[in-house]
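Take a look at the fold below.

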Amino acid sequence: MTCIVVTGASSGIGAALVRLLSEHHPVVGLDRHAAPGSPVIGCDLTDPASVAAALARLPDRIGGLANVAGVAGTAPATRVMEVNLLGTRRITEALAGRIADGGAIVTVASLAGHHPGFDDDVRRLLAADDDDVLAWTRTAGLSGAQAYDVSKKALLRYGRQLSARLAPRRVRSCTVSPGPVETPLLPEFEASMAGAVERAATWTGRHARPEEIARVVAFLLSPDASWISGVDVVADGGLTARRADDAR
Ligand code: NAI
């Protein structure tokens, strides 16, 4: 059975996904923080040498890739773009050719990627190289929170592009947009969003648990999702619908 590669595997949604997939699959986790003795391979997605070293330890053929690693908008804007967009793109481009027929790439975006604005910029950024993306981020003077929105909007578009590009090889690509999830990242979202996360909680009365998002990702990676590609699945406990109601 071909293995699934999961980034961001040491914490939160990624760790939950590794636990879930491991019940039926070989799984390899990658993360910047790999505890000694843990099965996770240490890999900083923003460091090409670190990614190259991790790639050398991965099988030549894999069944799928789950892009989960990310940082919140409390980080500086360039760091947010480096991890969320450029790091995700780096590992995806490196591994796409290894994904077996019938496999899939699932990328965790965010509801933040659905915020209005920056559409033309995102289109240009996806055609730009890493240095140009970072130069634009500095010139545009983005806050970390704005960079988070842009990075996730770019991942939504990148996920669709991959779907079209990889279809001839029968590899699917989807994205998942969670609302607030109870992970170590949540307090940072609260800090960068100034209270919006708390209001969000009132719809379902709680935030998502990491395993509730992991199950969506696992489904999209699986052959059960064989007819689903190029789409974003919003997993937000009804929050988007509530906001639409509020707007009426
Ligand atoms: P988390 O902080 O628990 O896990 C993120 C993992 O990514 C960490 O283990 C971290 O070490 C790893 N990581 C960060 N930078 C890295 C790098 N340069 N190279 C390799 N690994 C790196 O966070 P959580 O909540 O599990 O987040 C997972 C994904 O879900 C992120 O992409 C996040 O943007 C997204 N998300 C989370 C939401 C939430 O409320 N927690 C809401 C919407 C989206």
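This is a predicted model: local features need pLDDT of at least 70, side-chain atom pairs count only at pLDDT 80 or more; totals for chains, interfaces and linings use all residues.

Residues are numbered from 1 along each chain, as its sequence is written.

Begin with dimensions. A compact globule of 248 residues would have a radius of gyration near 18 Å, and the chain has 17 Å, which agrees. That radius is taken over C-alpha atoms, and the globule rule is 2.2 Å times the number of residues to the power 0.38. Along the principal axes, the C-alpha atoms fill a box of roughly 50 × 40 × 40 Å. Of the 248 residues, 46% are buried. Here a residue is buried if 20 or more other C-beta atoms lie within 10 Å of its own, exposed if 12 or fewer, and partly exposed in between; the C-beta atoms are placed from the backbone.

The chain has 10 helices and 7 strands. Both are DSSP runs, numbered from the N terminus: helices are H or I with at least four residues, strands are E with at least two.

Two strands count as paired if DSSP finds at least two bridges between them. Strands of a sheet pair through backbone hydrogen bonds, either parallel or antiparallel.

Take strand β1 (residues 3-7). It is mostly covered, with 4 of its 5 residues buried. On one side, 4 bridges join β1 to the parallel strand β2 (residues 27-31). Right-handed has a viewing rule: with the strands pointing away from the viewer, the path from the first strand over the helix to the second runs clockwise. β1 also pairs with β4, in the parallel sense, over 4 bridges. There, Cys3 has Ile62 as its bridge partner.

Ile62 leads on to the next pair. In β5, its bridge partner is Ile99. Strand β4 (residues 62-67) and β5 run parallel, joined by 5 bridges. Helix α3 (residues 77-95) carries the chain from β4 to β5, and this β-α-β crossover is right-handed too. Strand β5 (residues 99-108) is mostly covered: 7 of its 10 residues are buried.

Past β5 comes strand β6 (residues 172-178). The two pair in the parallel sense over 5 bridges. Thr107 has Thr175 as its bridge partner in β6. Then 4 bridges join β6 to β7, which run parallel. Ser177 has Val234 as its bridge partner in β7.

Turn to helix α6 (residues 144-166). At 1.5 Å a residue, its 23 residues should span 33 Å; the end C-alpha atoms are 32 Å apart, which agrees. The expected span is 1.5 Å times one less than the number of residues. α6 is mostly covered, with 17 of its 23 residues buried.

Phe118 has a positive phi of about 65° although it is not a glycine. It lies in the loop between β5 and α4 (119-127). Phe118 counts as partly exposed because it has 18 C-beta neighbours inside 10 Å. Arg170 also is not a glycine, yet has a positive phi of about 55°. Its place is in the loop between α6 and β6. With 14 C-beta neighbours inside 10 Å, Arg170 counts as partly exposed.

Last, the ligand. Which residues come nearest? Of the 30 residues around the ligand, these are Gly8, Ser11, Gly12, Gly70 and Thr183. A residue is near a molecule or strand if its C-beta atom, placed from the backbone, lies within 6 Å of it. α1 (12-22), α3 and α7 (186-193) each supply at least two residues of the shell. The largest share, 3 residues, comes from α1. The shell divides into 15 nonpolar, 12 polar and 3 charged residues. Ala, Val, Leu, Ile, Met, Phe, Trp, Tyr, Cys and Pro count as nonpolar, Asp, Glu, Lys and Arg as charged, and the others, Gly among them, as polar.
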